[in-house]
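Here are some notes to read alongside the model. Have a look at it first, then work through the points in order.

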Amino acid sequence: MITNTLKHSAAHRYKATLIILIWIFGVAYLMHLFVPGYLMALLVSAIHTGYLFVGLFLLENIFKYYSPQGRHYLVFLLFPLLVSILVNVAAGFTLEYSLNSSDPYHAFVFQIDLIRWFVLFLVSLSYALILLLQSKLESQLQVKEREEQVKQLAKEAELYQLRQQLQPHFLFNSLNSISSLLRKRPEEARAMIVQLSEFLRKTIRKDERKWVSVEEELEYLQLFVGIEQVRFGYRLSTSFDIQEEAKSCKVPQLLIQPILENAIKHGLYGVLGEVGIDVFFALEDVYLKVKVINPYDPAAGQAPGEGFGQRAIKRRLYLLFGRHDLLRVVEESDRYIVEISIPQNYDQSSNN
Amino acid sequence: MIKVVIIDDEPLAAEIVEDFLESYPEIKVLQICHDGFDGLKAIKNHEPDLIFLDVQMPKISGFEMLELLEVQPAVIFTTAFDEYAMRAFDAHAVDYLLKPFSKVRFEQALEKFMKMRDSNTPLGRVSEDLATPVERIVLKDRGEIKIVPYSNVRYFEANDDYVNIYTADGKFLKNKTMKFFEKHLPPTQFVRVHRSYIVNVTEITKIEPYEKDGYVLLLKSGAKVPVSKTGYPKLKMVLGL
């Protein structure tokens with residue numbers, strides 16, 4: 001508070017000076033009630049206040065770098081105690097030199113040594129308490145603010161999820177396939193309806209803050225691929241290659257499917273003929289690496305809207321882990337590789 | 001007999017159109033294509049009266065395919081995207097079917113086509129004003145189809161009813177007007193510096209005075225492009241001079 005006041009505007013400084021002056025005069029007035037001699041009382045009071053001011057400044061700076069946590073009450077008391085002793089001793093020495101030893105004040109000041117110290121201690125302690133309260137309030141405000149931000153981000157992600165997952169064209173094209181199957185191959189149509197419903201149900205129910213096992217995630221991905229397979233027929237083939245150790249890894253829900261969807265889309269619309277999509281899961285160090293590869297023709301102009309999906313994935317990874325280096329994209333002459341690293345040592349219950 | 005070609009990259013989507021057409025004995029489906037390239041060939045070979053065309057397809061979109069046609073048959077678009085409806089209208093499409101569509105809706109589209117055919121309504125040519133956001137330019141080069149991202153273009157030069165497009169891979173001809181490119185290219189990168197020239201400003205290395213109060217641009221490729229009196233202020237503005 002003292003530091004702030006020193007930094008702040010002139011108006012602040014006036015107020016502070018006024019308070020200090022009132023304090024000095026107040027104490028001097030009280031003292032002169034006991035021993036007459038107003039000027040002397042004023043001098044004694046001013047010397048004490050001066051040292052006290054320095055002491056409080058010291059105290060404030062101590063608490064800036066060290067804030068007592070939990071049950072360290074003794075430590076908390078220790079600092080005001082030290083400061084008050086220091087101030088008392090310093091003021092005592094100054095008075096010793098500046099006052100004539102025959103002065104009635106000299107005797108008086110040293111008579112009330114203990115009281116002097118006690119008052120100084122009380123003032124230091126109150127000041128320390130104020131500081132503590134203030135810092136607690138501040139950190140509480142910060143925590144609240146951060147919570148608010150996290151909530152906001154989660155909401156955004158959720159909204160995006162809705163848009164991304166229930167991509168209307170995916171739904172409409174799938175329904176169109178069903179419509180087409182109905183007359184000649186009703187059994188296949190029914191199977192597709194079941195598959196689509198299952199996929200949608202899983203998508204809607206998913207909580208993106210939860211983590212699932214790789215095996216569980218694979219089931220979901222295969223449902224999705226199955227639907228795309230019906231739509232695109234022989235043109236699309238997808239292979240999954242899962243390393244044994246990777247099977248027990250955990251992944252955040254709804255993270256991989258958009259990557260796969262992107263790869264299928266860009267594979268199918270970027271090149272002619274048959275399109276093979278390769279998906280790899282492997283555990284490397286503490287990271288689960290998920291690699292999705294689609295064929296690609298860099299010579300063709302990219303279709304508009306490219307990159308949006310990737311930005312979203314990057315953002316999602318950042319929201320989850322607070323890191324920007326978990327997505328890697330490699331453009332080879334005929335393959336487009338997207339690789340994400342999912343930290344396995346991450347606290348999987350408290351993300352987002 | 002009415003000749004029909006169906007172009008859709010999803011086999012089942014093409015199948016349902018074929019299915020619905022079975023109840024029209026006068027209609028014959030000559031070919032089903034799964035991308036725009038096959039579509040172009042089929043249209044050239046069969047000269048169909050009507051095509052059913054999907055928009056999102058491998059490599060080139062349905063709209064881009066139409067741009068490459070000299071003579072456009074009647075088109076009925078079939079797509080799951082409703083955001084292309086305006087463009088389809090601009091392309092003088094007969095109708096625009098949103099997937100999945102009902103038999104009734106399909107019949108309406110065909111009825112519309114029959115009426116237009118009987119009344120000899122010209123079935124159109126791709127309109128110049130296609131609200132195409134030009135991300136890339138689809139070109140025909142000696143029978144081959146090339147897709148050029150616009151950022152690869154150095155400059156455009158007017159050539160009667162055509163435009164010469166100069167790129168890193170050489171010079172191409174496209175049957176569009178300068179006005180079209182001026183309108184649809186990103187104005188921060190392409191400036192019409194002359195009645196006959198649109199230049200990619202990232203290619204400019206030097207602006208030199210030329211004759212009395214004219215200028216000429218020196219490009220990275222070494223080519224020179226004249227700047228007209230009205231073109232110079234436009235160029236200055238884009239370059240922030």
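1. Where is Asp285(A) found? Asp285(A) sits in the loop between strand 4 (275-284) and strand 5 (287-295) of chain A. Helices (H or I, at least four residues) and strands (E, at least two) are DSSP runs, numbered from the N terminus. Asp285(A) is not a glycine, although its phi is positive, about 60°. With 10 C-beta neighbours inside 10 Å, Asp285(A) counts as exposed. For burial, C-beta atoms are placed from the backbone: a residue is buried if 20 or more others lie within 10 Å of its own, exposed if 12 or fewer, and partly exposed in between.

2. A word on ground rules. This is a predicted model, where local features need pLDDT of at least 70 and side-chain atom pairs count only at pLDDT 80 or more, while totals for chains, interfaces and linings use all residues. Residues are numbered from 1 along each chain as its sequence is written, and chains are lettered from A and ligands numbered from 1 in the order in which they are written.

3. Over in chain B, Lys59(B) also has a positive phi, about 65°, although it is not a glycine. Its loop runs between strand 3 (50-53) and helix 3 (62-67) of chain B. Is Lys59(B) buried or exposed? Lys59(B) is buried, as 21 other C-beta atoms lie within 10 Å.

4. Chain B has a cis peptide bond to look at, from Lys99(B) to Pro100(B), with omega near -10°. You'll find Pro100(B) in the loop between strand 5 (95-98) and helix 5 (103-118) of chain B.

5. Helix 4 (residues 73-98) of chain A has 26 residues and reaches 38 Å from its first C-alpha to its last. That is close to the 38 Å expected at 1.5 Å a residue, the expected span being 1.5 Å times one less than the number of residues. Its buried residues are Pro80(A), Val83(A), Ser84(A), Val87(A), Asn88(A) and Ala91(A).

6. Next, a helix pair inside chain A. The axes of helix 8 (residues 186-205) and helix 9 (residues 214-232) of chain A come within 10 Å and cross at roughly 140°. Axes are lines fitted to C-alpha atoms, for helices over the stretch in contact, and angles run from 0 to 180 degrees between N-to-C directions. Helix 8 and helix 9 of chain A are therefore oblique to each other; under 35 degrees counts as roughly parallel, over 145 as roughly antiparallel, 65 to 115 as roughly perpendicular and the rest as oblique.

7. Now for the two chains together. The contact takes 20 residues from chain A and 22 residues from chain B, with residues in contact if their C-beta atoms, placed from the backbone, lie within 7 Å. On the side of chain A that touches chain B, helix 7 (168-184), helix 9 and helix 10 (256-270) of chain A each supply at least two residues. Helix 7 of chain A gives the most, with 10 residues.

8. Which helix of chain B does helix 7 of chain A cross at roughly 50°? The partner is helix 1 (residues 11-21) of chain B, and the axes come within 8 Å. Helix 7 of chain A and helix 1 of chain B are therefore oblique to each other. Residues making this contact include Asn176(A), Ser180(A) and Arg183(A) of helix 7 of chain A, and Leu12(B), Ile16(B) and Asp19(B) of helix 1 of chain B.

Conventions:
Contact = placed C-beta atoms within 7 Å.
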